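Student: Pick one part of this model and take me through it closely. I'd like the cut-offs along with the story.

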Amino acid sequence: MPIERIEVYLDGGAEPVQVLTQPPFKVTYDTRSLSDGEHLLRVVTYYTNGAREVKEVPFKVANTPGVLLQGLEEGKEVSGTLDVTLRVADPDVKPSRERFPGLGAAIATAAILGGVWLFFAATGVTNKTLEEVAKPPAAAEAGAHGGDHGGAVAAVDEALKAKGEQIYSANCAGCHQPTGKGLPGVFPALDGSKNVADKAYTINILLKGKGGMPSFAQLSDEELAAVATYIKNSWSNKFGGVTPDEFKAAR
């Protein structure tokens, strides 16, 4: 699904600190403007079909220079003259990891989220922005190049396929590309996909979505059948047609 824009918010702010409209979606923010301690990054992704997805990631900032006391140990009993050397903002003295655990991971997470997730796919944030979901059943894989489950290929309604091309161009080509090749590591290819070869899988994913793939249940059964027929029989795919009745039965 093409992305209209991504808005990035900090700490419940009403206005986004960044608005991203073109890939690569990358957040750049100087944390030195933030106070040390806990903060919240919120990424709101708006899709062209009106869908919206929100991802929130808490993180901690630790920019205050580390302080090291030399000559005085915690709990040490002293008397007379106390001679203590303070090392402040020394490059060799880092902020305490105990005070701010996982800071590096949190900042990395915040930056990578701008490339999303996809929500993000709600992942470890180093995953793909949008990734190919679960593989279809083994039986479907076996029939990937000969129609569903290795049986006869269903007849293709050419008029329906032509309508599906228009729907694909408007709703799908932004991610999966007009060539059906997708974007490696970001959006999965549809050309030659074993998932696309499985009719039941194709119907289910269009109706319900999964992971980074949104649902298109707002489309009519005829529109869904049209785009399904198009992607199953374009490029190198020859996986047979899909009818509106099959989508109606699956709802």
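Tutor: Let's go with helix H7, where Asp221, Leu224, Ala225, Ala226, Val227, Ala228, Thr229, Tyr230, Ile231 and Lys232 are buried (under 20% relative accessible area, with a 1.4 Å probe and protein chains only). That's 10 of its 12 residues, so H7 is mostly covered by the definition of buried. Keep in mind that this is a predicted model: local features need pLDDT of at least 70 and side-chain atom pairs 80 or more, while totals for chains, interfaces and linings use all residues. Numbering starts from 1 along each chain as its sequence is written, and side-chain values use heavy atoms, with hydrogens and water left out.

H7 covers residues 221–232; helices here are DSSP runs of H or I with at least four residues, numbered from the N terminus. From first C-alpha to last it reaches 16 Å, close to the expected 16 Å (1.5 Å times one less than the number of residues).

What do the buried residues of H7 pack against? Their partners are helices H3 (158–171), H5 (194–197), H6 (199–208) and H8 (244–250), where contact means heavy atoms within 4.5 Å.

That packing leads us to the largest nonpolar core, which has 25 residues (buried Ala, Val, Leu, Ile, Met, Phe, Trp, Tyr and Cys joined through side-chain atoms within 4.5 Å). The members touching the most others are Tyr168, Leu206, Leu224, Val227, Ile231 and Phe247. H3, H5, H6 and H7 each supply at least two residues to this core, and H7 gives the most, with seven. Take Leu206 as an example: leaving aside neighbours within four places in sequence, Leu206 contacts Leu224, Val227 and Ala228, and also Met213, Ser215, Phe216, Ala217 and Phe247. Apart from this core lies another, of 13 residues, including Leu20, Leu34, Leu41 and Phe59.

How values were computed: Buried means under 20% relative accessible area, exposed over 50%, partly exposed in between (1.4 Å probe, protein chains only).
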